[in-house]
Amino acid sequence: MTSTFPNISISTERLVLRPLDEDDVPALTAMMNDEQVAAWTHVPQPFTERHARTWIGEHAPAERTAGRGLDLAVTEFLTQRLVGVIQLTKTNWHVRSTELSYIVAPWARGEGYASEAALATAQWLFGDQKFERVELRTAADNTASQQVAQKIGCISEGVLRNACIARVRTDDDVWTDVRTDFIVWSLLPEDLEGAVGPLTDDGGFSTFTDWN
């Protein structure tokens, strides 16, 4: 039998992480059309409300049911406003390992939300789900995402050369693919001791899988 993640909600001091739902469509669409999101992820550009509904209604439930991963909306506790997304992918239930990705809306960057959400997710994985490894992959030029990985206690394990496809906008306003390196990070239960003190960052992105 395939193991699956439960439908859960994770709360922190400022955030609530919960399953994506239909009400998130407008905010998710706006967030995924941001320039930085386009540069560091594989989501379609332009990202339409149809794409958002497909993600929420088809892709996310299928990934969870098949045991491959989990998609969580990251919302502000007080306003319930969507500030980002946490995604778990490439889950190996025998090894108890998964890959974690994150993205933060432009208006919410600089508040430490990426670190807070990623750390809460890792703590839940290690404590409640008994996972033994969380992996992150950040593009070599994506320093904001690397800062988040460092702040939650991740250890850099090495570089996958030419393994990442990022995007840049050309002079004629067209997105084109560029190849770069992936930095591989890991987080084990004992590494969480490195994530002490206040978590602040300038906003971070970790490349999402090509879900569409």
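Predicted model: local features only at pLDDT ≥ 70, side-chain atom pairs only at ≥ 80, totals over all residues.

Before anything else, a term I need: helices here are DSSP runs of H or I with at least four residues, numbered from the N terminus. With that settled, I looked at the end of α5 and found that G153, just after the helix, takes a positive phi of about 100 degrees.

**Entry: confidence**

The protein chain has a mean pLDDT of 90, and 90% of its residues reach 70 or more. Among the elements, I found the highest mean pLDDT in β3, at 98, and the lowest in helix α2 (residues 35-40), at 90.

In what order do the strands of the open sheet run? I traced eight strands as β1-β2-β3-β4-β5-β6-β8-β7, with mixed pairing. The edges are β1 and β7 (155-169), each of which pairs on one side only.

I then walked along part of the sheet. Strand β2 (residues 15-19) pairs with β3 in the antiparallel sense over five bridges, and L15 stands opposite E76 in β3. Next, β3 (residues 70-76) and β4 run antiparallel and are joined by six bridges; one partner I wrote down is L82 in β4, which bridges to T75. These two strands make a hairpin with five residues between them, and Q80 in the turn has a positive phi of about 65 degrees.

**Entry: S97**

I stopped at S97, in strand β5. Is S97 buried or exposed? Its relative accessible area is 12%, so S97 falls under the 20% limit and counts as buried. Leaving out residues up to four places away in sequence, S97 touches K90, T91, N92, F131 and R133.

**Entry: aromatic rings**

How many aromatic pairs does a search of the whole structure find? I got five. In one of them, the ring centres of F5 and W93 are 4.7 Å apart and the planes meet at 50 degrees, so I logged the pair as tilted. F5 sits in the segment before β1 (10-11) and W93 in the loop between β4 (82-92) and β5 (97-104), so this pair links parts of the chain 88 residues apart. Both F5 and W93 are buried.

F5 also pairs with F131, this time stacked, at 5.7 Å centre to centre with 25 degrees between the planes. F131 lies in the loop between α4 (113-127) and β6 (133-139), so its pair with F5 ties together parts 126 residues apart in sequence. I checked accessibility as well: F5 counts as buried because its relative accessibility is 0%, and F131 is buried at 1%. Taken together, ring pairs link F5, W93, W124 and F131 into a cluster.

One more ring came up in a separate search: R81 lies over the face of W107, 3.7 Å from the ring centre.

**Entry: helix α5**

Back to the helix I began with. In α5 (residues 143-151), the buried residues are A144, S145, Q146, V148 and A149. What do the buried residues of α5 pack against? I listed β5, α4, β6 and β8 (175-187).

**Entry: cysteines**

Last, I looked for disulfides and the count came to zero, with 2.5 Å between the sulfur atoms as the limit.

Conventions
Residues numbered from 1 in each chain as written. Heavy atoms only, no water. Phe/Tyr/Trp six-rings, centres within 6.5 Å; stacked < 30°, edge-to-face > 60°. Buried < 20%, exposed > 50% of the residue type's maximum accessible area, 1.4 Å probe, protein only. Lys NZ or Arg CZ within 6 Å of the ring centre and 35° of its normal. Pairing = 2+ DSSP bridges. pLDDT = per-residue confidence, 0-100. Contact = heavy atoms within 4.5 Å.
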